Structure formats: C-alpha cells, structure tokens
Amino acid sequence: MRSLVLAALCISLAFGQSNQVIGIYTPTGEGCSMMFYSETFNITVGGTTMDFNSLNATSTCSVGEKGLTYLQLRLDDKLGSDYSDATLFFSFSKTDTGYWNSEQVMLNYTASNETEITAVADFLAVSIISQWFSYACSILTVVSLSDDVSLLMDYYQIQAYNVQNTTFSESFQCVAILSKGAWMGIFSTSFLFVMLFFSIMMLINIQTPDRFETSKSKCLIIPHEH
C-alpha cells in the first residue's frame, strides 16, 4: 500500500507542474515566528493526492514542551470527500549552543465516520544548523507518515527561528558540496590518470635488445614455442 501511495505522489508531481501553486506561510505565535516556502507540497491521504498549497490553510506557530517549536497548518478545506478537520504539524528543536533541527511531522484529521486519526513520522531533513540560518532544499523529499498518509515536498525552504522582517535568513543548502556531475568528473579524471600512470610504467620497463647480429658472429636464435 505504501508503494502505491508513493507512486501516486510521484505521478501527481510529474503531471501537476503546469498548475503548480506556490505556498508561502508566515506563522506567528507567542514566543515564535517562522517561515515556510514550498513550490511543490503534495499530501496523499487514503489514496487521494492533493496539492496542499492550493488548499485554504491557516498557519500558526507555538512553543510546546521540552522547548519544541511547532509549525501548525490547519486546513479550512476538506481532504478530499472523506476527511475533514485536518491539521499538519512540523516540530523543531533548538540547542543551548545556538543550533536547530527538525524533529517530526504529524497529521491529525477526522474520517467520515467521525473517527479522529493521527499519523506521525520523523522529519529529519534539517540536521543541526545555526539558528540564524534557514534551510533550503531542491531535492525531492517524501515522508511516509503511515500506510495511507504521505507528504511530498520539493523546492522548499524553512526557517524555524529568528525570522526578521518576514524574510528568510541566509540558507543552508541540502545539496552536497560536490554535485553528481562533479563526482562523475572526478572519477573519470582519476581513471584516466591511473591509466596514464600504468602506461608510463609499462613504457619505462620496456627493455631494448642488448645483442645484435654481425657478420662475424653466429646468428641469433630466438626460441619460441609452437
């Protein structure tokens, strides 16, 4: 079932680019202020995939127990025809030394039979960065909260602390210092250098003949195997 959910998310991403809605959320609350930007933000519940950015959502933030800060996105719209009262939570934590990281993502919603459902999973995208930096990522991120609930995000940016003038601070990028193309170039160049080294060593070890035929000497006989 989980593989079907992920497949639905990827298909929606591939065919939904033309109608893409960019989401910009600036939640505030007592003792907190955040920013969240996402170009692709899809949610799948019960096999139905929706563009979260196109739904009406109210964003707030709050400070909870153990110093956790929560980004809350409460939907005014229904999740499809069967689910309502949906609220999406992102939790973040900070250290006394001035760093922050993401913790979990959770979705609370009510099914058509009035059953309240909670789906939660670890959200480890942000890993120990300065509180004065935001986090930006252009790599497809899929979070499976349960067999029926998944999130898909791409080209997004988050800042959980120290937001000033409703603008992002300098961003910490999720991409590695060396891209895939750079690694391919390094490996290709290394391979060529290894081949050049062995070629030079083979040329150096070539031995030139030290005996030559003359009119006064016997003919050289080079033994060979049949």
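Strands β4 and β5 form a hairpin with 2 residues between them, strands being DSSP runs of E of at least two residues, numbered from the N terminus, and helices being runs of H or I of at least four. In the turn, G46 has a positive phi of about 60 degrees. The model is a predicted one, in which local features need pLDDT of at least 70 and side-chain atom pairs count only at pLDDT 80 or more, whereas totals for chains, interfaces and linings use all residues. Residues are numbered from 1 along each chain as its sequence is written, and side-chain values use heavy atoms, with hydrogens and water left out.

The pairing of β4 with β5 (residues 48-51) is antiparallel and comprises 4 bridges, where two strands pair if DSSP finds at least two bridges between them. Within this pair, V45 has T48 of β5 as its bridge partner. Strand β1 (residues 23-25) also pairs with β4 in the antiparallel sense, over 3 bridges, and Y25 is the bridge partner of F36 in β4. Of the 11 residues of β4, 9 are buried, that is, under 20% relative accessible area, with exposed meaning over 50% and partly exposed the range in between (1.4 Å probe, protein chains only).

Strand β14 runs antiparallel to β4 and is joined to it by 10 bridges. Among the residues concerned, I43 has L151 in β14 as its bridge partner, and F36 stands opposite I158 in β14. β14 is mostly covered, 10 of its 11 residues being buried.

The largest nonpolar core contains 41 residues, and those with the most contacts inside it are F41, L79, F90 and L107. Such a core is a set of buried Ala, Val, Leu, Ile, Met, Phe, Trp, Tyr and Cys residues joined through side-chain atoms within 4.5 Å. Elements giving two or more residues to this core include β4 (35-45), β8 (84-94), β9 (99-110) and β14 (149-159). The largest share, 5 residues, comes from β14. Apart from neighbours within four places in sequence, L79 is in contact (heavy atoms within 4.5 Å) with I43, V45, M50, L55, A86 and L107.

T69 lies in strand β7 and is buried, with a relative accessible area of 4%. Its contacts beyond four places in sequence are C32, M34, S62, V63, F90, S91, F92 and Y161. The C-alpha atoms of T69 and F90 are separated by 8.3 Å, although the two residues are 21 apart along the chain.

On the surface, F193, V194, L196, F197, F198, I200, M201 and I204 form a nonpolar patch with about 800 Å² of accessible area together. L196 lies in helix α2 (residues 180-204) and counts as partly exposed because its relative accessibility is 45%. Patches are made of residues with over 30% relative accessible area and no salt bridge, like charges being joined within 9 Å and nonpolar side chains (Val, Leu, Ile, Met, Phe, Trp, Tyr) within 5 Å. A salt bridge is a side-chain nitrogen of Lys or Arg within 4 Å of a carboxyl oxygen of Asp or Glu, and accessible areas come from the Shrake-Rupley method with a 1.4 Å probe, only the protein chains shown counting as cover for residues.
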